[in-house]
Amino acid sequence: MGSEMAYRTRKIRIGDVTIGGGSPVAIQSMTNTRTEDVAATVRQILELEEAGCEIVRAAVPTMEAACAFSEIKKQIHIPLVADIHFDYRLAIKAMEHGADKIRINPGNIGDEEKVRAVVRAAKERDIPIRVGVNSGSLEKEIIGKCGGHVSAEGLVMSALDKVRMIEGMGYDNLVISIKSTDVMMCVSAYEQIAGLTDYPLHIGITESGTAASGNIKSAVGLGILLHKGIGDTMRVSLTERPVEEIHSAKLILKTLGMYRGGIEVVSCPTCGRTKIDLIPLAHAVEEMVKQYPYSIKVAVMGCAVNGPGEAKEADLGIAGGEGEGVIIRKGEIIRKVPEKELLSELKKELDAFKFDRGDQE
């Protein structure tokens, strides 16, 4: 969480990343490669690192995948989390091979003795355990206690039951996640649990969908929580390339003022005055600026009449006319160029920007 948040959680260390206790919200994603394929998994993690991912999770469905952690960790630079379901032995093996954290749902790991074996292995190595509860796997007995349906109260009850179980085994190096596909149920569950525990919270809207729907659901749900000071680490779960989750998470945090770095693109919605093909141009600009680390604003406007005025708050901008456009710097037109050269001319300005603004990161 940020430094002036309503909820204060304890600090937990995941590899060399600290979450909780006022630390910045850490951005996560998850690989979609076969973890057993070390080369493919490493390639994807390095791409995620470059985009700004700070913690990465990988599925561990087999012993081969668990053993692959040793080699993967040699080639990456961010903490690696093992995602475990059903077989407690996979969790232990992943920790033996260097997992910086494990994610388990104690409810599907097996009986208490199997959970105890996982906790013992984590305790020996001081490895955090993320206790994860999802609306799709809520226990029948808890559903029964909550009127026969999945609810925010049930999610909280389930998570706290599992936390108490692990605490009873003498371990409290824990992170909690309680996710639902229902955005407002998810928000309500996190609001409730934030007032009942000081463990760091991993927030996300599970199975939110494709980029189109998933980004909206995640922005609404995570935006509400983060604005209230709830959440120490986050994942935007999308049916997309994992790197897109990082771009979305950064934009959510940047919009809330909780992230510095990376270019923010603002663009007009088009109207009858638009004389250029603005929609693909705006998309092209958004894609192009991902390579620049500057913490600046770039405007893409469709009208040369209002463009300079609307873009005056941006560091750089372009605005279209009929067959041509203008390059704008701090609200001032610096030159006119043919429409087909707008993108390339904007890139020239960005390439030169680092020499003008040495204070940018």
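How far is the sulfur of Cys-186 from the closest cysteine sulfur? The gap is 16 Å, with Cys-146 holding that closest sulfur, so it is too far for a bond.

This is a predicted model, where local features need pLDDT of at least 70 and side-chain atom pairs count only at pLDDT 80 or more, while totals for chains, interfaces and linings use all residues. Residues are numbered from 1 along each chain as its sequence is written, and side-chain values use heavy atoms, leaving out hydrogens and water.

Back to the cysteines: a disulfide here is a pair of cysteine sulfur atoms within 2.5 Å, and the count comes to 0. For cover, buried means under 20% relative accessible area, exposed over 50%, and partly exposed in between (1.4 Å probe, protein chains only). Cys-186 is buried at 0%, whereas Cys-67 is partly exposed at 33%.

Now for the backbone. Most residues other than glycine have a negative phi.

The helices (H or I, at least four residues) and strands (E, at least two) are DSSP runs, numbered from the N terminus. Helix α8, residues 183-194, is where you'll find Met-184, which is partly exposed at 47%. Together with Ile-216 and Val-220, Met-184 makes a nonpolar surface patch of about 290 Å².

Methods. Patch = residues over 30% accessible without salt bridge, like charges linked within 9 Å, V, L, I, M, F, W, Y side chains within 5 Å. Areas by Shrake-Rupley, 256 points an atom, 1.4 Å probe, with all protein chains shown as cover. Salt bridge = Lys/Arg side-chain N within 4 Å of Asp/Glu carboxyl O.
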